[in-house]
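Please look at the sequence and the structure shown here before reading the report. It is written for a student who is new to describing protein complexes.

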Amino acid sequence: MSAPLVPADEDALAAAVAAAHRSGETLAVEGNASKAGLLRPVAASRRLSTRALCGITLYSPQELILSARAGTTLAEIEQAVAGHGQHLIAEPPDFSALFASTAPQSLGGVVAAHLSGPRRVAWGATRDHVMGVRAVNGIGERIHSGGRVLKNVTGLDLCKLLAGSHGTLAVITEITLKVLPAPERRATLVLCGLDAARGVAALAAALGSPYAVSGAAHLPADMAARIPALAWLDGAVTLARIEDFPASVAYRTQRLRDELAAFGAAEILDEGATRAAWAALRDATPLAGESGAIWRVSVRPSRGPVVAAEAARALDARWFLDWGGGLVWIAGPASVAAHAAVAAAARAAGGTCTLFRAPAALRAAVDVIPAEAPALAAITRRVKAAFDPRSILNPGRMFAGV
Amino acid sequence: MIAQPAPKDDVLARRPAILAGLRALLPETGVIGEPVRMKPYETDALAAYRQMPLAVALPETTEQVAAVMAFCHREGVRVVPRGAGTSLSGGALPMGDAVVLGLMRMNRILEIDYADRCAVVQAGVTNIGITQAVQERGFFYAPDPSSQLACMIGGNVNMNSGGAHCLRYGVTANNLLGLRIVTVDGQVIDIGGAHMDAAGYDWLGLLTGSEGQLAIVTEVTVRILRGPEGARAMLAAFRANEVAGACVDAIIASGIIPVALEFMDRPAIHACEAFAHASYPLDAEAMLIIEVEGSTEEQDFLLGRIKEICRNFDPISLRVSASAEESLAIWKGRKGAFGAVGRISPDYLCMDGTIPTSRLAEVLGRIAQMSAACGLQVANIFHAGDGNLHPLIMFDANDPASFHAAETFGADILKLCVEVGGCLTGEHGVGVEKRDLMGVQFSEIELEQQRRIKSAFDPGWLLNPSKVFPLKPEVPLAA
């Protein structure tokens, strides 16, 4: 592979892609490559990085709007919004530890990989807050969708299509996000010693309460023991987070404790422990030291425990649940058989799964994302061609041959 | 008037065979061909545009939709999907050579799951019908467009409808989990499901707001939410639009996101007061309705803080509701705004641009200048938290010159919205109404990119034709 292309601005990036389109040279699209281990390995003739496209281009706190070039580090953006008492709504995770990467993740990478943290269960995913994108398609043409306002239904919503497209349709060059005021206080209600089914039932009651729970997770004892803020509880933990003004947090935590009394006496984690525990959950740090493969299963929340039990039965698995049970993190052996078992469990539960981290050989050998039904797969190929007719952008990253 | 393409003569000539073909696929009452019975389908809520369709098909199941689509695809017949026909942008306007595919008979709620906080409903269930089905357990479906008593979820999905509470709860796209769709050639595909994040491309996000251009939606899995303990509104009136705008900024900057933050200008206040007698302050230039949620104590805390902020902006009046009844009274005028304007003007156009909220005062000033210049009155209602502006342009539809002036005025307002950094439509959709303005917001390269996506789903361009995308110059126009 020749030296990576690192265009200095959108013009140069468009020119580089246009040249590749003409020559048919394939491009591995990346920001800082902190998530290069995600999905299928890309065999491309050249790497194209957005890392030189950096900087916040617009931040209007009272309009809840922030725009930044794709290569801007997430850390820079989080620092800027924190300076105005605001935060990124979907709580994007940092999987540096999981992927053993030291590179800072870029905004473009977070959006292109469509990563959301624990708050997703109540406040929506990263793509729900992408209000606008600028991008360069596989022909080298510059396109935009959405804008810098909070409500916009003009034309097809390419913001959502490009979020989660892993650089296979277009190279995102700039992103506009909706941001919100950060809560002044946070606390977590902890129920101890529940099994997964009972824990998820408690989380369903919490999320179905009027107290605006913003995080809902369940960890078996072995996983909880790996998070210092939770280890002292010495067993399985079921967590419900509340974030708001201090008086509201105090009031709602108390009410929720009363409402969940049937599930046992609850402990309350304070601000510091809450921050630490949810950061660890967000970044899946309990699984970071695992040596095998890691899957993320997205499923109807009440089926999360079923998927976890099936994984534990079929393979040597460690797991925990976020999103009220709707997100099952599973670690297990990096084998075709283990992948097949996890994928089957997800499918049987009516959900979907992603082989999130694995050795390249396994990621090349299996469907890292379940194959689409034939009618949809045909649309996928046509939409890919509508953006990237010569298949030069991240070929095969999501689906073999696409 | 916005030009419509000429119908395909060969399709018109085959009308009897097409009607017979549809009748073979649907129950006896499911196909309408008589002009007098097709009359209700000739327009939607953009009533200045009317066109009798070729036929109306009213399927009752996804399988019937698939059969109709496969048939129309084979026959090369265009299809216009329709829910309740409440589109303000002409999204359901028929064409003379098109079959209207009405989904209103698909009106069943298939599943309600409180533990997983979702419901599966057919496309013809009304927006309010979802909330009504779950409210006994304290749940609701969040997006609340003004037409929510009538409009249907299938239409909401296709137009990505908003409402007064999207600042807190998001628009339709943010409240969906899954869709069952029928492709243009009659294949049934499930997108997403009851789980939160789909692997693969975000087809759910692309289909939402696609205005019937990509596929027919027959079933929808929506998120249902537990309602708050309570909600309460307050009213604040100010001496100038820019003062009210600055107050909105100050509220948001304080860290409070009210669940609703509605702005009305002087003409809107007067029209609504005359209609609803809500005790609105008639000496104000601008008025805000601000709603918060939570327990009584939480409401007191938030309204107290907001009241303190409002006091910094020399308000003419501040009225904090003490009860649910008082809140309803404050909302009464705003909710009746369309009726109120309808009372003082024979007809009105409801526009729907979005602007950066920081440009509000400037935009209202320029709209006032345009109004004076063209001689048509305008009342402005604004979802102030998210910048979605609804100017109501008053005109007389019996006077073609008045209608033409209103359309031109409306187009100028939307161009202004784009000029200041906003967009042509915040929640009503492009439809027919804004089709020819798309070039103001998108380059030809961008429109071609969108057209190629349309072609990927609908290679023959049979779905909801002549909307959203400006017509190509080579398309022959209707006389």
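The report below goes from confidence to domains, then to the contact between the chains, and ends with salt bridges.

This is a predicted model, in which local features need pLDDT of at least 70 and side-chain atom pairs count only at pLDDT 80 or more, while totals for chains, interfaces and linings use all residues. Residues are numbered from 1 along each chain as its sequence is written, chains are lettered from A and ligands numbered from 1 in the order in which they are written, and side-chain values use heavy atoms, with hydrogens and water left out.

The predictor's confidence in each residue is called pLDDT and runs from 0 to 100; for chain B its mean is 96, and 100% of the residues of chain B reach 70 or more. For the complex, the predictor gives an ipTM of 0.98 and a pTM of 0.98.

Domain bounds come from an automatic or database domain assignment, and they divide chain A into domain 1 (49-181), domain 2 (185-282) and domain 3 (285-365). Chain B is likewise divided into domain 1 (15-103), domain 2 (109-226) and domain 3 (231-339), and the C-alpha centres of domain 1 and domain 3 of chain B lie 43 Å apart.

Within chain A, the C-alpha centres of domain 1 and domain 2 are 29 Å apart. Eleven residues of domain 1 of chain A are in contact with nine residues of domain 2 of chain A, where contact means heavy atoms within 4.5 Å. The area buried between domain 1 and domain 2 of chain A is about 710 Å², of which carbon and sulfur atoms give 56%; buried area is the accessible area (1.4 Å probe) that two parts lose on being put together, summed over both. On the side of domain 1 of chain A, Pro118(A), Arg119(A) and Val121(A) lose the most area to domain 2 of chain A, together 52% of what that side buries.

The contact between the two chains takes 78 residues from chain A and 86 residues from chain B. Together, chain A and chain B bury about 6,700 Å², with 59% of it on carbon and sulfur atoms. In chain A, the residues that lose the most area to chain B are Lys151(A), Val153(A) and Leu156(A), together 13% of what that side buries.

Side chains of opposite charge can pair when their charged atoms come close. A salt bridge here is a side-chain nitrogen of Lys or Arg within 4 Å of a carboxyl oxygen of Asp or Glu, and by this rule there are 54 salt bridges over all chains. Eleven salt bridges are found across the interface of chain A and chain B, and two across the interface of domain 1 and domain 2 of chain A. Some examples follow.

| Salt bridge | Closest N and O atoms |
|---|---|
| Arg119(A) and Glu243(A) | 2.9 Å |
| Asp386(B) and Lys151(A) | 3.9 Å |
| Glu184(A) and Arg305(B) | 4.0 Å |

The pair of Glu184(A) and Arg305(B) crosses between chains, from the loop between strand E8 (170-181) and strand E9 (185-192) of chain A to helix H11 (residues 296-311) of chain B; helices (H or I, at least four residues) and strands (E, at least two) are DSSP runs, numbered from the N terminus. Glu184(A) counts as partly exposed at 44% relative accessibility, and Arg305(B) is partly exposed with a relative accessible area of 28%, where buried means under 20%, exposed over 50% and partly exposed in between (1.4 Å probe, protein chains only).
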